[in-house]
Amino acid sequence: MAADEAETLLADLIAKAKAAGADAADALLVDQSSLSVTFRLGRPEKVERSEAGDVGLRVLIGKHQAFVSSSDRSVQALAELVERAVAMARAVPEDPYCGLADPAQLARDFPVLDICDPTEPSTEQLVDWAKRAEDAARAVRGVTNSEGADAGWGRSKVALVASNGFSHSYSVSSAQISAAVLAGDAAGGMERDYDFSSAVYAADLRSPEDIGQGAGHRAVERLGARKARTAKLPVVFDPRVSRSFLGHLAGAINGGAITRGTSFLKDSLGAQIFADGVTITDDPHRQRGLRSKPCDGEGIANRRRALIDAGTLTTWLLDLRSARQLGLETTGHAARGVGSPPSPSVTNLWMEPGAITPAEMIFDIPEGFYVTELFGMGVNGVTGDYSRGAAGFWIKGGEIAYPVSEVTVAGNLKEMFRELTPANDLVWRYGTDAPTVRIDGMTIAGA
């Protein structure tokens, strides 16, 4: 559906909702198409294409709101959608903080973000990418089996229209290649690892051979893993896992958690919670960013922000509802789906790189742990207590010495944030990204 057709359909839906008794309403349309292939043990294993489209309507009557969504866009189905939404809004409890944006708050200028690749890869091209990635992975000496390689592409069209005068639509795309293989055997032990690349434009992906070789070498390097001793030592986190700390930070400064009082950082706004050298940035307008978008999910203008500036927490992540509850202004972080209310969420989030290389970061560690994989969800968002299973490599004499597994790393996020030092190897790869980081004094529980 063309952009103008989508916005016209939603505007008509809102007009019908108001005619049926709604005081205000907004509507969201998301059309998605995707193509994916899997190649395993030298043969194509799966080819899938999907096309989906959903429409969601939010109706407000006073301070009562309701959400209804549908994948059926027939005249009758949309009429029933309006009827159900209005009936539900009359029946649900009052929410004193709900409501659309004031017209003066709405975004008026929308940046050009280059977030939609106009070229759709063919099935044959995706099969070729997956085959090359798996072939490269299986060619690594020591690799004994494969979980397969995947290649995929997707495009989404998003349109949002509201009775406060907002109307806008945009399209986004993504492409990805991944491979996962096993090394070793049952007698001597087996290890699994993976590698992948994702980008808005397929041309920006790493080569399939690079991804396959990365997966193979990572798996082989983990063979012969030993147990680690229990101690309190420096821990260095690989970029694949260091980015998880940004997720913990985002959850702790989310307006929903702050309004509920369920965050270990609830009293930390304006306080220094990281070292001076740490800055963490959220930027919805990053060119070709995996999570870029021209405005937030409520039609509010969004912008680049330093959430952590030289170690200091500068802001909460707020949508309209949480901002009203806290007596603050929204920060333009609302995100939403077709059948759910807006809620705060980050976009392209990263930790700015430090000044030293990962090798220099490890050089002065007599003994420590380099983490490449984390397991479990042992993080308490209320207290900040942190305990997760981990695997990686033991550091000895300032160098990577040998692989280790079945380790637990533990601490408290408040203390961990204060002790965190970033290296200089930031690469934008996931949408939430961090360089290698070092945290001293963590508890390592092993054999």
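Helices (H or I, at least four residues) and strands (E, at least two) are DSSP runs numbered from the N terminus. Helix α3 holds 16 residues, 123-138, which should span 22 Å at 1.5 Å a residue, and its end C-alpha atoms are 22 Å apart, in agreement; the expected span is 1.5 Å times one less than the number of residues.

## Aromatic pairs

Rings of Phe, Tyr and Trp (its six-membered ring) pair if their centres lie within 6.5 Å, and planes under 30 degrees apart count as stacked; by this rule there are 8 aromatic pairs. The rings of F274 and F417 are stacked, because their centres are 4.5 Å apart and their planes stand at 20°. This pair links distant parts of the chain, 143 residues apart, with F274 in the loop between α7 (255-260) and β8 (280-282) and F417 in helix α10 (residues 413-419).

F274 counts as buried at 4% relative accessibility, and F417 likewise at 1%.

## Basis of the values

Residues are numbered from 1 along each chain as its sequence is written, and side-chain values use heavy atoms, leaving out hydrogens and water. Because the model is predicted, local features need pLDDT of at least 70 and side-chain atom pairs count only at pLDDT 80 or more, whereas totals for chains, interfaces and linings use all residues.

Key: Rings of Phe, Tyr and Trp (its six-membered ring) pair if their centres lie within 6.5 Å; planes under 30 degrees apart count as stacked, over 60 as edge-to-face and the rest as tilted. Buried means under 20% relative accessible area, exposed over 50%, partly exposed in between (1.4 Å probe, protein chains only).
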